[in-house]
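Here is a short briefing for a first look. Have the sequence and the 3D view ready.

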Amino acid sequence: MLSFMRKPWLHFLVLGSCLFILDRTYYPEPKPTLGPPNAERVVLQEQALAMLQTGDLTADQRRAIQDRELRDELLFIEALDRGLIERDTVVQRRLIRNMRFLDPTTAKTDRELLSEAYDMRLHLADEVIRRRTVQLMETLIAAGSGIPAPTDAELATRYSAERASFKEPRYYSFQQVFLRQEASQARRDELQTTIDAGLTPSDARATSDVFLAGYQFDRLSERAMAQQFGVVFAAAVAQSDWSLGQWVGPIDSVFGQHWLWFDQITEPRTPELVEVSDQLLRDMMREREDQAVSDWVATVIDGYEVRYQ
């Protein structure tokens with residue numbers, strides 16, 4: 001045994017193994033780099049969010065946008081490594097179309113154009129292809145995560161916790177006649193006389209100005225009316241003393257004056273679980289899929305050197 005331990009080749013083997021372990025421990029292979037985030041996309045997202053909230057972004061919001069950009073970049077890189085783009089016929093058709101746009105007179109085949117597009121790395125600069133590839137990667141991750149569907153008990157618990165959010169507002173269904181703001185007082189008096197005579201909406205419409213959105217509206221909430229006619233109109237309708245089958249008006253809007261004939265008023269109500277179970281199921285599954293993708297990203301990103309600048 002001692003003579004075996006004195007073998008020179010054994011000494012070299014042990015020494016080499018020790019050096020290899022030390023090298024891997026203290027000088028590991030460098031990680032691939034992820035980032036910095038694309039400055040143009042970050043600025044566009046910051047501007048969009050600032051417009052939406054009508055105010056400056058916080059430092060946390062700016063960091064969240066950068067994190068999201070790095071997340072999408074990671075998914076795109078991993079998708080490329082898995083060859084998703086080369087197997088996606090939608091991406092291939094877009095690349096071929098882009099190539100024919102660059103040279104409408106080309107006589108090259110689709111296969112040749114596709115090969116040239118990959119050589120020119122057009123798939124790396126196309127935002128539509130990038131967005132689709134990221135979505136495909138998200139779908140692939142979620143599909144491979146074995147996400148269980150919510151049970152009936154979980155749906156019921158979620159419904160109980162969020163029941164108030166399902167409450168439906170009052171809905172108004174009505175017909176209208178309309179006069180523009182510049183209409184003369186004589187026309188207003190004529191229309192009011194017509195309405196006071198008890199004409200039906202279809203008959204009274206002959207004296208109405210044209211209203212591009214139409215004359216009949218079904219199940220509009222106060223919010224929907226505000227979007228369609230303006231806040232002043234919506235508030236006036238909500239506060240008016242309306243009765244079914246009778247005229248109400250005139251009611252002012254940003255367009256002019258309206259006389260309304262209410263066909264139906266649906267009072268606020270909260271749907272039962274059976275009515276919203278499909279929506280709840282979709283929402284909960286989407287949340288679980290998003291969490292699966294987030295967990296996957298958190299694991300994989302540890303293998304990268306992340307740079308923000």
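This is a predicted model: local features need pLDDT of at least 70, side-chain atom pairs count only at pLDDT 80 or more; totals for chains, interfaces and linings use all residues.

Most residues other than glycine have a negative phi, and most peptide bonds are trans. The backbone points below are read against that background.

- Asp126 sits in the loop between helix H8 (122-125) and helix H9 (127-143).
- Asp126 counts as buried because its relative accessible area is 8%, and buried means under 20%.
- The side chains of Asp126 and Asn98 make a polar contact (3.1 Å).
- A polar atom of the Asp126 side chain lies 2.9 Å from the backbone nitrogen of Val128.
- Setting aside neighbours within four places in sequence, Asp126 is in contact with Arg94 and Asn98.

**A cis peptide bond**
- The bond from Gly35 to Pro36 is cis, and its omega is near 0°.
- Pro36 belongs to the loop between strand S1 (33-34) and helix H3 (39-53).

**Positive phi at Arg121**
- Arg121 is not a glycine, yet its phi is positive, near 60°.
- Arg121 lies in the loop between helix H7 (110-119) and H8.
- Arg121 is exposed because its relative accessible area is 52%, and exposed means over 50%.

**Positive phi at Arg219**
- Arg219, also a residue other than glycine, has a positive phi near 50°.
- Arg219 is part of strand S3 (residues 216-220).
- Arg219 is partly exposed, with a relative accessible area of 44%.

Definitions and conventions:
Residues are numbered from 1 along each chain as its sequence is written. Side-chain values use heavy atoms; hydrogens and water are left out. Helices (H or I, at least four residues) and strands (E, at least two) are DSSP runs, numbered from the N terminus. Buried means under 20% relative accessible area, exposed over 50%, partly exposed in between (1.4 Å probe, protein chains only). A polar contact is a pair of N or O atoms within 3.5 Å; within protein, one must be able to donate a hydrogen and the other to accept it, and residues adjacent in sequence count only if both atoms are side-chain atoms. Contact means heavy atoms within 4.5 Å.
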